[in-house]
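Opening my notebook on this one.

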Amino acid sequence: TLDLAATFIDYAGGEMVGSMTSKSLRRVLDGRGDSVRPFVSSGLGNWRMAVQKINGTRFKFICGKGSIKYSPSTVPAPVKGWTQ
């Protein structure tokens, strides 16, 4: 969602405010490019995730910060072919 603001502004023909870190996805949506960032990060509550592609291999880093409460019933089952 971070880059949606810049994308909407770009399509509307507006200009970005200097302090915005958002990047337009227009060239990707128009089929003129692959990516606008070297990595993608996200977070919810105390959880953080980053995904980066290096030499064709995708790496995913997930970590928790502080006190994280969960029970075995809330932890998803492993995906076939992935190692824990």
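**Confidence.** I started with pLDDT, the predictor's confidence in each residue, from 0 to 100. The lowest confidence is in β1, with a mean of 76, and the highest is in α1, at 92. For the protein, I get a mean pLDDT of 77, with 76% of its residues at 70 or more.

**Ground rules.** This is a predicted model, so I noted that local features need pLDDT of at least 70, that side-chain atom pairs count only at pLDDT 80 or more, and that totals for chains, interfaces and linings use all residues. Residues are numbered from 1 along each chain as its sequence is written, and side-chain values use heavy atoms, with hydrogens and water left out.

**Elements.** I looked up what the protein is built from: two helices and three strands. The pattern along the sequence reads α-α-β-β-β. Helices (H or I, at least four residues) and strands (E, at least two) are DSSP runs, numbered from the N terminus.

For pairing I use the DSSP rule of at least two bridges between two strands. In general, strands of a sheet pair through backbone hydrogen bonds, either parallel or antiparallel.

**β1 and β2.** I went through this pair next. β2 covers residues 47-54 and is joined to β1 by six bridges, the two running antiparallel. Phenylalanine 39 sits opposite glutamine 52 in β2, and serine 42 has methionine 49 of β2 as its bridge partner. The two strands form a hairpin with two residues between them, and glycine 45 in the turn has a positive phi of about 60 degrees.

**β2 and β3.** Eight bridges join these two, again running antiparallel. Methionine 49 turns up again here, opposite isoleucine 62 in β3. This is also a hairpin with two residues between the strands; in its turn I noted asparagine 55, with a positive phi of about 50 degrees.

**Salt bridges.** My rule is a side-chain nitrogen of Lys or Arg within 4 Å of a carboxyl oxygen of Asp or Glu. How many salt bridges does that give? The count is three. Arginine 26 pairs with aspartate 10, the closest N and O atoms being 3.6 Å apart. That pair links distant parts of the chain: arginine 26 is in helix α2 (residues 26-29) and aspartate 10 in helix α1 (residues 4-12), 16 residues apart. Arginine 26 also forms a salt bridge with aspartate 30, at 3.5 Å between the closest N and O atoms. Aspartate 30 in turn pairs with arginine 32, at 3.3 Å between the closest N and O atoms. I therefore logged Asp10, Arg26, Asp30 and Arg32 as linked in a network of salt bridges.

Cut-offs for relative accessible area: buried is under 20%, exposed over 50%, partly exposed in between (1.4 Å probe, protein chains only). Arginine 26 counts as partly exposed because its relative accessibility is 27%. Aspartate 10, at 29%, is partly exposed too, as is aspartate 30 at 39%. Arginine 32 counts as exposed, at 57%.

**Threonine 7.** Is threonine 7 buried or exposed? Buried, because its relative accessibility is 3%. Threonine 7 lies in helix α1. Leaving out residues up to four places away in sequence, threonine 7 touches Lys23, Ser24, Leu25, Arg26 and Leu29; contact here means heavy atoms within 4.5 Å.

**Totals.** Of the 84 residues of the protein, 7% count as buried. Among contacts between residues at least 6 apart in sequence, 4% join residues at least 24 apart. The protein exposes about 7400 Å², and carbon and sulfur atoms supply 58% of that; the areas come from the Shrake-Rupley method with a 1.4 Å probe, and for residues only the protein chains shown count as cover.
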